[in-house]
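Here is a quick tour of a few helices in the structure below. Have the viewer open while you read.

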Amino acid sequence: MPLETATGAVRTGLIAFAFLSYLILIGIPGRIGGPALPVLALIAALFFWLKLRRESNEPSREATGQRQDSFDDKPGWEIGPRAASKGSRLRDLLHTHSGTAPILYGLLAGLTTGLLIAIVSGIFAAAMGNGIAIQPVLDKIVPLNVAALIGVSPGQIAQSDVSFIRFIFQVLLFAGAGVLAGLTAAGGGYGLKQAAFLDRLTTHLSGATLTSAGRFAGMALPFVLLAYIAWLGLPGVTAFGTNEGTVRLLLTLIATGSGLFTLRLSRPGREQMAVAVLLGLGVFSMPFILDQFQNSVMGLVFIFVMMGLGLNIVVGYAGLLDLGYVAFFAIGAYTYAFLSAPFSSPYISGLLILLGISPESPLLGYWMALPVAMLTAAVGGILLGIPVLRLRGDYLAIVTLGFGEIIRLFMLNLGELTNGPRGILEISQPALFGHTPVDVTFGLLSSQGWIFLLALVSSALVAFVATRLNESRLGRAWFAMQEDEDVAEATGVHLVRTKLLAFAIGATFAGMAGQLYAARQINIFPENFSLFVSIDALALIIVGGIGSPAGIVLGALALKGLPEVLRGVDEYRIVTFAALLVIMMIVRPDGILPSARRRIQSPDPEEAGAAGEPELREEDPGLRENGEALAKGAGVREEDP
Amino acid sequence: MTSSPVKAQAAGTDGRAALKQFTRALGVAIVLLVIWRVTTVGLAEGYPVSFWISQALNGLVLGGVYALVALGYTLVYGILFMINFAHGEVMMIGGITGFFALQFAQARGWMEGPWPVVVVALLLIMFVGMAASVVIGVTLERLAYRPLRQAPRLVPLISAIGASLFLQYSVLLIFGVSPHSYRKPALISGGLRLGDVFIPYTGAIIFVTSILLMLALFFIIQRTKLGRAMRAVAEDRSTASLMGVDVNAVIVVTFMLGSALAGAAGVMLGFHNTVVKFNSGFIPGLKAFTAAVLGGIGNIPGAMFGALILGLIEAIGPSALGIPTEYKDVIAFTLLVLILIFRPTGLFGEVLSEKKA
């Protein structure tokens, strides 16, 4: 085994150790309990296998014009003898020595990882056995966690009663994991074949080229799930032996999401119409089926769908990066709160008494307040829009971010007007003809179900308006402006009006969402309107697929719905979400469901997603030139039909 | 919208001219309003001069810290055109690591020793914090940004936001929720009294250190071969690569420099504020980014002066305008909005930045 490969194996082992020690430091072994050690070994094996697979695959991928693995980022000018030899040497080994080299590689990597893990857990165990507490420094290094890592009971750690065999076992386990990975990678080229199969499978799934039988099975999925969810709602029925609300919530999220895929898979025309009607019926029956908790989560999801659709107009259609979108959400929420909650600021109640209205009763109902909230938000949008008309790109981003913070700080500090951090309480619920449907439907519709229903209706409305706007003259003006402001102006786009309309319409939708949010929360506080709301809204449209309404729904389901399902592992919710966000951007930067317009622009949807060529063209001509010169992968792609 | 293209274009330029005049008038009005407010408040309150001086000194200390962090933003932006949203967290990790280094030093009794020992120990602590930040910064670049170099601009931004959250909550999980409080050694816990003006030692040290670090950075960028390579890559990445500059190496070095400065800022902020916890990098990071934009992002002297101006305004603004200190963030952001309205590429932004922005 050449030295170079050996050092590569040790390095792989070190990286695996770094990742595993992160998991140990955040307390994962303690959370898993008994089977923690095998689970960690399996993770290591998976990592080794991926590494082996990639190194052996790389040259063949390049030859077929596949996307070059961006982790190893070798821009064009560096593809010299050095870069080429590194990948191919291992490949040669894989083929000529059929089997032994990858196994040795895995063994070495596994031994490295195992030894380091054994040393670290030995140090921890020894320290704890001698009564040195590690916890004040590393919060999660408690006996429970270390014990799970070594495979003994916490009591044994405290009495420093851990036999040396345990550590040898650890090393052997990881070495075994390495050998397993090597075997899988080397097994007579089986690993390579499997990898190719996986590649093909992913291409097929996203390219919507499923066979017709698979297509119909896939299309039936949301309806089957919906039926199952409804059945779960019947009294006495349990899911997998437990009547966990989260299981049902997860199924609801999957059903809604897969419904969107179904819609996309169905053939345009009669079939699509039928699917759309059925799906609509299914989705609109959800508020009646689900319980209070699931309804409240789904309500929030669809409020964020509205936010996402509005922000999408500003960012996705008009290309104006807005990081302070929460401001309009807050304006909508506070406007409704002022109009409908018993607390009114001294200013407002004084005004009301002057006008001869009792300040005790809500001033306006939900429906009367709706245009007011929308209008206020739109005015806010224009007021923000005017000063930032001349700004571009990142300058715009920071100014809008500042605007969002200013609004929040005002709500926090203008105690007389907004009741400060104590918030506005007892915001009245939306009614219909003087009754809330909760009373009328004999308990079929819970209060949160009513909010969910409203959110559904409103987001359907918003989605319709947004789509029509995008296809209108104004939408084309936005698109032209996003491509190049100067060219757009030269071809007759009125920049000031177009930009302000984008801000105003986006803000209007956020105002609607904010009002519904206030009704959902009943009590609102300035803390509900932090920068993270803007970030969430932006992240969901990018994760879902910028410019695509279906993608936005998916993004909201994934970003606002899934974390609620993960409440059981509350501690790890945010790190998981954050890591997924990064991975998602690397693996699929165009979002789950990219918009049709973006797909039309590029010859091959998959490859466009990988390189983001059209977006570069839209945003920065200078950068695109750089990008083209740099992107060796892109160059190959253009030659490849 | 139904008018002919030519007409619409004319309307567009008319709109622009009108807008320009409108913003100019607005600018004059705002400046007059601020002057009026400051004079009336100044006359009514009658603070002594020493009060203003100590506020200004506070502002300079804060500005120095912001400047170190802002330089990281601006360096990365100048080369990659991306907002490294996680830079504040890189700073926070420097602060946390510095805390543990300080604990270690205190446990060994180095902090009670003769003054050369204490000084060396403090320098070591700062160095440890910087090293930790460099490790995190480079890892971040490798894992979260490098794969996205060719992607549209929003994509690395989202990745950076994800990385920022990931770092914050990883620190929360690994080191626990409770804030870690720095205990200042006796040598630097006092202060200097000049008449009515009190200057805490930490403040003076922070200011001097940040100026020294900025000078070092300036030297590296202007006088070394490495700096020349960095400037070349910032100017034109592909041409630089044709001239034999290793672009990847330059980008890594940029992240190292920026992270090192942020780590130093983190440790110093720890000594100054006495506490550091998982989210204590977020707000300073945001402020530093504001400062970088204020000075014209991508522009190194711009970031330094933008940060000093921001620090000064934040310290003096609330008392000068006679409003509660809770509004200091409002003042900072309002100032940013106003400056960008009149100078859309920041105070020191040049044609260059307009091309890239």
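What follows looks at one helix of chain A and a helix pair of chain B.

This is a predicted model, where local features need pLDDT of at least 70, side-chain atom pairs count only at pLDDT 80 or more, and totals for chains, interfaces and linings use all residues. Residues are numbered from 1 along each chain as its sequence is written, and chains are lettered from A.

Helices are DSSP runs of H or I with at least four residues, strands are E runs of at least two, and both are numbered from the N terminus. The expected span is 1.5 Å times one less than the number of residues.

| Helix | Residues | First to last C-alpha | Expected span |
|---|---|---|---|
| α25(A) | 17 residues | 23 Å | 24 Å |
| α7(B) | 23 residues | 32 Å | 33 Å |

α25(A) bends by about 25° at A558(A), the angle between axes fitted to the seven residues ending there and the seven starting there. Since 15 of its 17 residues are buried, α25(A) is largely enclosed by the rest of the structure; buried means 20 or more other C-beta atoms within 10 Å of the residue's own, placed from the backbone.

In α7(B), the buried residues include I206(B), F207(B) and L213(B). Among the elements covering the buried residues of α7(B) are α2 and β3 of chain B.

α7(B) also packs on α8(B) at about 75°, axes 5 Å apart, so the two are roughly perpendicular (65 to 115 degrees). I220(B) is one of the α7(B) residues that meet α8(B), where M230(B) is among the partners; contact means C-beta atoms within 7 Å.

Terms used:
Buried ≥ 20, exposed ≤ 12 C-beta atoms within 10 Å, placed from the backbone. Axes fitted to C-alpha atoms, helices over the stretch in contact; angles between N-to-C directions. Parallel < 35°, antiparallel > 145°, perpendicular 65-115°, else oblique. Contact = placed C-beta atoms within 7 Å.
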